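Try each task before reading its solution.

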Amino acid sequence: HARRAMRAWRGAVVLVGIIVWIETVAGAPWVYEMQSTSSDVVNEACCIAYRADRLRAQVVVVGWTNSNAGSGSANQGGTDAFVVFLDESTGNVVRSLLIGTPGNEVAHSVVYDKDNAQVVVLGSTTGTFPGQQNFGGQDLFVSVINDNFEITTLQYGSAGQDDPVQVILYSQLGYIAVGSGRTQEVTAEGQPNAMVVVHITTAGAVARRETITMAEGQFAYFSAYAVEYRTGSGVFAVTFELSEIPEGDQLYYMAEFDESFNEVFRIELRRAVGISDAFAFEPSNIKWSSSSETYWISGIDPGYGNPYHIVRFPSPVGGAAYLIGRVTPATGNQFFGPSPPSQRPNISTMTSLQVYETGERYIASRVIFEEEELDDDTLVEIRKVSWQSTTYEGTDRQAATVRSGLAYDNWNLGNTAPVDESTGLFMIVGDRWNQFENPYNCMG
């Protein structure tokens with residue numbers, strides 16, 4: 001039921017798995033390792049895509065490294081982004097590329113454009129790419145990789161540090177990249193308060209770029225979570241949060257923007273009253289369903305300070321640790337609430353969300369966090385990676401555990417990508433390490 005690829009980094013490996021929730025995948029499992037040359041070498045994957053056309057089928061793994069990721073090219077300095085193309089049937093490396101400057105580059109999102117046979121990578125850089133300029137210390141970069149593995153890289157940012165969020169296909173118009181930026185002097189190195197948006201053509205040129213101030217004031221805060229294109233509409237949606245700490249509430253929204261980056265629709269998803277309740281929710285995934293003309297949005301709980309989207313058992317909210325909802329732009333209606341009680345023990349958090357039009361289903365992936373006491377009274381963490389598939393109505397649930405947790409063998413879930421909607425085939429990428437680490441206090 002799975003094809004898996006693993007690579008090692010600093011006592012850890014990155015897992016790439018192709019998992020079926022309906023059909024069985026033909027062929028034997030394969031393993032790929034990117035071996036660290038020393039204990040100082042770190043290779044970490046962020047995301048994954050499936051590159052398929054009439055000539056090839058490849059798994060595209062994207063991340064960052066302080067080495068050369070087996071590319072044969074020298075690291076430009078600090079950390080560089082890597083893009084590794086693996087043969088889908090064997091796991092053999094087809095090509096490995098580095099994207100870098102003398103500064104630090106970290107990849108954050110990837111998408112494959114089948115019509116133009118291009119891979120598009122979004123990340124951050126503290127350097128300056130050839131022919132580009134640095135706008136404020138840490139900028140966004142977008143690299144378009146064509147069919148011949150030629151790379152065109154663009155760079156843009158606010159006056160302060162920019163945090164990449166997501167790059168998406170934007171119909172035939174190209175690609176939209178979104179990040180959270182800083183425009184006010186008081187927040188230039190502090191909290192983000194602006195949305196950085198770049199529209200890139202399929203030729204790798206900038207069609208439009210803009211830094212949009214979303215929150216103002218010394219304690220203002222803005223953070224984008226996820227981006228999605230509404231098929232056939234010319235608009236794209238962003239989920240985000242706004243707050244004015246300590247003055248008021250924390251607000252979670254979904255908004256749509258047109259081709260000129262004008263906001264054309266906004267709906268409040270949740271309002272957290274006061275600082276004590278402010279960090280309970282993150283609308284971390286959004287997917288558009290053409291068949292239902294609805295955005296599907298999932299969130300995680302707890303949110304703030306939980307970067308791995310792990311739920312602790314017992315859950316601080318009684319097991320209702322993820323939210324799934326829908327927003328219909330045509331009517332402005334929304335439904336957003338806790339998962340049905342029958343599903344709570346099975347899919348307690350959502351690291352990723354996919355929507356399949358065939359059969360009108362969504363697929364959620366998660367990590368369970370548990371603890372185990374060893375014979376010497378040592379308390380170690382245990383993590384299990386799982387997924388579940390459910391219809392839009394919450395019926396016909398199917399679920400499986402990709403990896404059962406073992407002491408000193410932790411698997412962390414990154415994100416997922418669809419392969420074949422007709423069979424429900426999808427891929428998972430994540431990290432694995434054998435050292436004890438507590439993600440809540442950063443110890444280990």
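A residue is called buried under 20% relative accessible area, exposed over 50%, and partly exposed in between, using a 1.4 Å probe and protein chains only. This is a predicted model, in which local features need pLDDT of at least 70 and side-chain atom pairs count only at pLDDT 80 or more, while totals for chains, interfaces and linings use all residues. Residues are numbered from 1 along each chain as its sequence is written, and side-chain values use heavy atoms, with hydrogens and water left out.

**Exercise 1.** Find which loop holds F149, and decide whether F149 is buried or exposed.

*Solution.* Start with the strands, which are DSSP runs of E with at least two residues, numbered from the N terminus (helices are runs of H or I with at least four). F149 lies in the loop between β9 (139–145) and β10 (151–156). Next, take its relative accessible area of 16%: F149 is therefore buried. Finally, check the backbone: phi of F149 is near 65 degrees, a positive value in a residue other than glycine. Most residues other than glycine have a negative phi.

**Exercise 2.** Now step back: how many helices and strands does the chain have, and what percentage of its residues count as buried?

*Solution.* Count the elements: zero helices and 29 strands. Then turn to burial: 57% of the 444 residues count as buried.
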